[in-house]
Amino acid sequence: MSRLSFGIPFRANAAAALKNASLIEAMRTSTSTFTEKRAEGVAKVPFEQWREEASRIRTEVLDNLPQLIDRFAAAATRAGSIVHRARDAEAAREIVGSILKDRGVRTVVKAKSMVTEEIHLNQYLESMEIRPVETDLGEYIVQIAGEKPSHILAPALHKNRRDIGKLFAEKLGIEYTDDPEVLTKVARRALREEFISADAGLSGVNLAAADTGSIAIFTNEGNGRMVTTLPPIHVAVMTMEKIIPSLADLSLFIRLLPRSATGQTLSSYFSLITGTRKAGEATGARELHIVIVDNGRSRILQGEFRDILKCIRCSACLNVCPVFRAIGGHAYGSTYPGPMGIVLTTLLDGMEKAHPILDGSTLCGACTEVCPVKVPLAGLIASLRRQKVELGFADTNERIGMAGFGMAAGSPSLFAFSQSMAHRLWSVIQRLGRNSAVERLPRPVEQTFRRRMS
C-alpha cells in the first residue's frame with residue numbers, strides 16, 4: 001500500500017464541508033465577527049510594540065524552558081500545589097486518572113482545555129467510569145452532540161442557533177427554540193447541578209508564572225471559576241510551553257491575548273490561582289494538582305520549527321485564514337485546526353499521518369501578520385511542505401504537474417503556448433484528473449488577459 005494511502009483525509013473532508021451550506025453560513029458569520037472585533041481592538045493601542053515584547057518573552061522561554069519548568073514546579077510546590085510531569089499523552093491520562101480514581105471521584109466538571117482534547121482524556125476517564133462534564137457552553141454543545149471542537153476558542157463555531165436548538169430539543173428534552181438567551185438558560189440550569197455535586201474540577205492553563213507557581217486562566221464564562229473553586233479537588237493540565245518567566249510578564253499577555261482572540265480589552269473572567277485554599281478563605285480547591293505535559297514538545301524545542309511553541313492559542317490565525325473560514329475546523333481531522341494546527345499537528349503526529357493538511361493553506365501570510373507573538377506560521381508551513389516532498393509524501397501526478405508548471409512559468413513563450421493548449425485540451429485534462437482538484441477548476445479562457453492587452 002502506498003505511503004500516501006495513510007493520513008488524514010483532508011481533501012475529502014474539505015470537499016464535504018464546502019457542500020454544507022449551514023456550515024458555510026456559520027463560519028462566515030463567526031470568523032468575520034472575530035476578525036472585525038480584533039481589528040477594532042488593536043487599532044487604538046501600541047499593538048506592534050506589544051507584539052515585539054511578547055515575542056521576545058516567548059523566545060526567552062524557549063531558550064530556557066527546562067530551567068523555567070523546574071522553577072515553576074518548585075514555586076508551585078511551595079504554594080501547596082502537587083506538580084506532576086507527563087512525558088506523553090498516555091502518561092498524562094494515567095496521572096489524571098490515578099488522581100481521580102484514588103480519591104473516589106465519580107463526576108468531574110471541566111473548563112475548556114485543548115490539551116485534554118489532545119491527549120483524549122475524556123474517553124479515558126469514561127473507560128474508568130468517571131463522568132467528565134464539559135461546562136464551557138461551546139464544549140457542552142459539542143459534547144452532547146458527540147462531536148469534537150471545531151475551533152480552539154469557540155468549540156461550537158460550526159453550529160448556528162437553529163442547529164443548537166434542534167440539538168437541545170433532542171438531547172435535553174426541551175421544546176424547540178432557537179432563541180440564544182433561552183438556550184443559554186437551559187444549559188445553565190443543567191450545568192448548575194453539575195457544579196454543585198461534582199467531586200472534582202479539571203481545567204487547562206493559559207499561562208503559568210515560573211517565579212510564583214501561579215496558573216492563569218482566561219475565560220468569557222463564569223464556568224472556569226466554578227470548576228476551580230467549588231469542588232474540593234482541582235486538576236490543572238498544561239503543556240510545558242505555557243510557562244512565562246514571571247508574574248510581572250503576565251500583564252502584557254492579559255492585554256494582548258483577549259484583543260487578538262475576540263477584540264476584547266479584557267477577558268470577561270481572568271483567574272490567577274496560586275496554590276490551594278488558604279486559611280480563612282471560603283472558596284478554592286483544598287487539593288490542587290498541576291500536570292505538565294510534554295507529549296513531543298521537547299523534541300520540537302530542539303528542531304527548526306521550535307517557534308510554534310511560542311503560540312498562546314489566541315486563534316487569531318484561524319479567524320483570518322481563508323481556508324479555515326471556508327471549511328471549518330473538523331475538516332483538518334485533528335485537535336488543532338487552522339494555520340497553527342497545521343504546523344503543530346504535523347510536528348506532534350508525524351508527516352505520515354498529517355501530510356494531507358499541509359495543503360490547507362494558501363500561504364497568503366495573513367496568519368503571520370496577526371499572530372500576537374510573531375510566530376512565522378506561513379514560513380513554517382512552507383518549510384514543512386518542502387519536507388513533505390523530500391520525504392515522498394507528495395502525489396506523483398502533482399509533482400509532475402508542478403514541475404511542468406515551473407518549467408512553463410520560467411519561459412514566457414512556453415507559458416503562452418501552455419495557456420492556449422490548456423483551453424483546447426481542457427476536457428481531456430479534466431478526464432485525466434477525475435476525482436482530483438483538477439475537475440473543480442474553471443475552464444481556461446480562450447483569450448488570455450495577456451493577449452487582450454497586447
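Is Asn295 buried or exposed? I looked this up to start my notebook: Asn295 is buried, with a relative accessible area of 18%. Buried means under 20% relative accessible area, exposed means over 50%, and partly exposed lies in between (1.4 Å probe, protein chains only).

**Before going on**

I am working with a predicted model, where local features need pLDDT of at least 70, side-chain atom pairs count only at pLDDT 80 or more, and totals for chains, interfaces and linings use all residues. Residues are numbered from 1 along each chain as its sequence is written, and side-chain values use heavy atoms, with hydrogens and water left out.

**Entry: two backbone angles**

I stayed with Asn295 and found it in the loop between strand S10 (287-293) and H13. Helices (H or I, at least four residues) and strands (E, at least two) are DSSP runs, numbered from the N terminus. The phi angle of Asn295 is near 50 degrees, which is a positive value in a residue other than glycine.

I then turned to Ser315, whose phi is near 80 degrees, again positive in a residue other than glycine. Ser315 sits in the loop between H13 and H14, and with 2% relative accessibility it counts as buried.

**Entry: the whole protein**

I counted up the secondary structure next, and the protein has 23 helices and 10 strands. The C-alpha trace spans about 85 × 55 × 50 Å along its principal axes.

Of the 454 residues, 51% are buried. The protein exposes about 21,200 Å², and carbon and sulfur atoms supply 54% of that area. Accessible areas come from the Shrake-Rupley method with a 1.4 Å probe, and for residues only the protein chains shown count as cover.

I also looked at contacts (heavy atoms within 4.5 Å). Among those with a separation of 6 or more, 74% are between residues 24 or more positions apart.

**Entry: a sheet**

I traced an open sheet of four strands in the order S8-S5-S6-S9, with mixed pairing. Its edge strands are S8 (243-244) and S9 (269-273), each of which pairs on one side only. Two strands pair if DSSP finds at least two bridges between them. Strand S6 (residues 214-219) and S9 run antiparallel, and five bridges join them. I spotted Ile215 standing opposite Ile273 in S9.

**Entry: salt bridges**

Side chains of opposite charge can pair when their charged atoms come close. A salt bridge is a side-chain nitrogen of Lys or Arg within 4 Å of a carboxyl oxygen of Asp or Glu. How many salt bridges does a search of the whole structure find? It finds 20, and I looked into some of them.

Arg306 forms a salt bridge with Asp63, and their closest N and O atoms are 3.1 Å apart. Arg306 lies in the loop between helix H13 (297-301) and helix H14 (316-320), while Asp63 is in helix H3 (residues 47-63), so the pair ties together parts that are 243 residues apart in sequence. I noted that Arg306 is partly exposed at 22% relative accessible area, and that Asp63 is partly exposed at 48%.

Lys110 and Glu134 meet through their side chains in a salt bridge (2.9 Å, N to O). Lys110 belongs to strand S2 (residues 107-110) and Glu134 to strand S3 (residues 131-134), so this pair links parts 24 residues apart in sequence. Lys110 is buried, with a relative accessible area of 1%, and Glu134 counts as buried at 1% relative accessibility.

**Entry: a buried arginine**

I finished with Arg259, which is in helix H12 (residues 250-261). Arg259 is buried yet has no salt bridge, and the nearest side chain of opposite charge, Glu40, is 11 Å away. For charges, Lys and Arg count as positive and Asp and Glu as negative; His and the chain ends are not counted. Which residues does Arg259 touch, not counting residues up to four places away in sequence? I listed Arg38, Gly41, Val42, Val45, Trp50, Gln264 and Thr265.
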